[in-house]
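Let's look together at how two protein chains meet. Take a moment with the picture, then read on.

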2 protein chains.
Amino acid sequence: MRIRDLIVTPIAFSDPPLLNADGVHEPLALRTIVQLIVEGGVVGLGEGSGGTEVAGRVEQVRSAVVGLSVFDLNGIEAAVNAALGGDAGPLSRRDRRVVYSMLDVAAHDAQGKLTGLPVAELLGGRVRDRVPYSAYLFYKWAGHPRSAAIDDVEPDVWGEALDPVGIVAQARALIDRYGFGSIKLKGGVFPPDEEIAAIRALAEAFPGLPLRIDPNGAWTHDTAVRVARELDGVLEYLEDPVLGIDGMAAVAREVSQPLATNMCVVTFEQLAEAFAQDAVQIVLSDHHYWGGLRHTRELAAICGHWGVGVSMHSNSHLGISLAAMTHVAAATPELAYACDTHYPWNRAEDVVMPGAVEIVGGAVAVPTAPGLGVVLDEAALERQHRVYLDSGRTARDDTGYMRSFEPTYSPTLPRY
Amino acid sequence: MRIRDLIVTPIAFSDPPLLNADGVHEPLALRTIVQLIVEGGVVGLGEGSGGTEVAGRVEQVRSAVVGLSVFDLNGIEAAVNAALGGDAGPLSRRDRRVVYSMLDVAAHDAQGKLTGLPVAELLGGRVRDRVPYSAYLFYKWAGHPRSAAIDDVEPDVWGEALDPVGIVAQARALIDRYGFGSIKLKGGVFPPDEEIAAIRALAEAFPGLPLRIDPNGAWTHDTAVRVARELDGVLEYLEDPVLGIDGMAAVAREVSQPLATNMCVVTFEQLAEAFAQDAVQIVLSDHHYWGGLRHTRELAAICGHWGVGVSMHSNSHLGISLAAMTHVAAATPELAYACDTHYPWNRAEDVVMPGAVEIVGGAVAVPTAPGLGVVLDEAALERQHRVYLDSGRTARDDTGYMRSFEPTYSPTLPRY
């Protein structure tokens, strides 16, 4: 059961013009698909961050992992670390974990196929049969501009959402289609009073649904405290209102809202300091940079022991990642919130066969087939790889794209 | 792959008169052996704490785990917790984990047999092929007394060890036979100066070998600080010189020795406080009460992230536990010390076939057969179960046994 080969395929797929504190999503999102070929022909699938640099890093570890047992996660992790230069090399631990995470997912998929077990069983067994996800709302333009004239857009199916009315309409569309039972709004885009109004409009339109807002650190301390107090009792949690562990701790001392993060705590090395300061009450896990599925479970266990909550973060992603997120969430008792997912925004150009991971009633049923339970659509993979090659895109640049319409746009935070 | 039955067998086996801060080991040590019978006939083996009460608790969870998938560790753990009353019940989390731990080991053994994988592979792959153990020295009498006259002994093969000369001779015998490359002395028995002299004698007799002493909290703060300073540079670490997290933290502030514990930190719930106080620099893991193999790996991961060292504790045990300890140690990158083991003292009456887990050159080669890699000796199990039944022993009582010779013996700590 040794690894015989590793195939790395950078891809690109359509993404709507979703606004955030960095700028706006480009017309193409980037992602990396890995296939771990095991002796005997079993193929494990993994998906992770995109772009030329990351794909190159995965290529760089190929010869180091070929020949290892696909069950030897410790060995694969050590080989990846060493091939990328270790602590003395140019990459941070987090950057190395991003590479390892893709292989970890692919190894789990292969392990499941080899043993006949779903990945959730390999992770200790599912504690829930369905994993709830939240409706992930974004301020957005009506479509990507055809030119530097920002009003000259090619309208998409989602429509414009630049105010409370637009946000409520977007929520309605997502909830009608997917049955989401909780809502997250990506904020940090407009002045806080506008975003507070959007949250209040959501609370009125969807009474009883848990609500969150995530300005990605766009606010000053005073703004964060003011928003938290104004929305006290309205939000389930407030995500990354300010930047940094010290900043979050200072806000936490003044508000009663639980604070969540996927920004100031992104590596195991930051947990001790963050917990000592009581800077965050909820950590958003993400197997794509916490080191794969097993280490994500470890993160959740740690949070549980320290009395810190666990939720789950998402970036633009496709079905392999949704399956992996669903399996690890299913096997994580500490997870107590609906997970984030961008899947509704990106699923149209997925590279797996449809049907295995579907959001129904606001949740994904945990696949029971061996491994991740998704099947690669090889033609789709080839197609999206071609899109990547033809695009000439090499890295995500929300700020640069925004500047092509607003040349003076600055992503400097805090903004408000 | 569902659990069809759980067979619980309390056993007893010969134990030499090993002295400690509680008193002295009785002629029989107690242990519980579990067999998890899986559909299709695979049997997973587990071993844990002994005595009537613990065996009864394992019996109590039998009907709750029958019918569960042997891969569903989360489900088995939840079922054990619920069957024992949960947080509202009479048992502490640690007591419930003691029960779950046996099933966890047996489930891993069965999983390995079902998938063809050694347990170390199920735990993420071995990072070492051989797991080092330390020579575990004890002050001891020449043999168990035949009567209340403490000098009227039945000599055993180990001989007396009541002073530095005896301790060095015991170390020599263990090292000659097993090749141990490090030494631990169970202390807290004699006045500290005598134990310091024993450590100095060991340092002289075995230059270069790491040395530890464990008085099990028998010392006052001042004694602990004095001993630590006198043995500065001589000890690898000092284990549980005093009782409690606060006490250990106070000692740690005054000495340069790393302090280790298996007494003041025995549950995940104690980690935050212990780490916040920097009370211990090394945690001794023990899968028998940290919740089995997977949670022991979690403990080690946590220690690694907090910059705390990891070693491994042992109680009197037989071969199933030695195999389990070896597999989890093999799959734990953070483990940086030789593990403790009582195996040399107890192996003569083991219930597994000989040869699978042997200490050679101070280490046990990680078994490569599926599961734990040990084979139950059913006749031996029946024999040691009969010994248990015939003995009438129900619980370990080192203090009561000591009092049968020294009626005024008090186990109250600190003693010195």
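A salt bridge is counted when a side-chain nitrogen of Lys or Arg lies within 4 Å of a carboxyl oxygen of Asp or Glu. By that rule, there are 2 salt bridges between chain A and chain B in this predicted model. In one of them, A:Glu298 pairs with B:Arg297, and their closest N and O atoms are 3.4 Å apart. The interface also holds 14 residue pairs in polar contact.

Which helices of chain A each bring at least two residues to the side that touches chain B? They are helix H3 (73–83), helix H10 (271–276) and helix H12 (292–305). H12(A) gives the largest share, with 6 residues.

What kinds of residues make up that side of chain A? Here is the breakdown:

| Kind of residue | Number on the side of chain A that touches chain B |
|---|---|
| Nonpolar | 15 residues |
| Polar | 6 residues |

Now for the area. The size of an interface is often given as the accessible area lost when the parts come together. Chain A and chain B bury about 2,200 Å² between them, and 58% of this is on carbon and sulfur atoms. On chain A, the three residues A:Asn74, A:His305 and A:Trp306 supply 28% of the area buried against chain B, more than any other three residues.

Finally, how do the two chains relate? Chain A is superposed on chain B by a rotation of 180° with 0.0 Å of shift along its axis, at an RMSD of 0.0 Å. That is the relation of a two-fold axis. Both copies use the same surface, as 100% of the contact residues of chain A recur in chain B. In total, 27 residues of chain A are in contact with 27 residues of chain B.

Definitions and conventions:
Residues numbered from 1 in each chain as written. Chains lettered and ligands numbered in written order. Predicted model: local features only at pLDDT ≥ 70, side-chain atom pairs only at ≥ 80, totals over all residues. Heavy atoms only, no water. Contact = heavy atoms within 4.5 Å. Buried area = accessible area lost by both parts, 1.4 Å probe. Polar contact = N/O pair within 3.5 Å; in protein donor to acceptor, adjacent residues only side chain to side chain. Helix = DSSP H or I, 4+ residues; strand = E, 2+ residues; numbered from the N terminus. Nonpolar A, V, L, I, M, F, W, Y, C, P; charged D, E, K, R; others polar. Least-squares fit on C-alpha atoms with pLDDT ≥ 70 in both.
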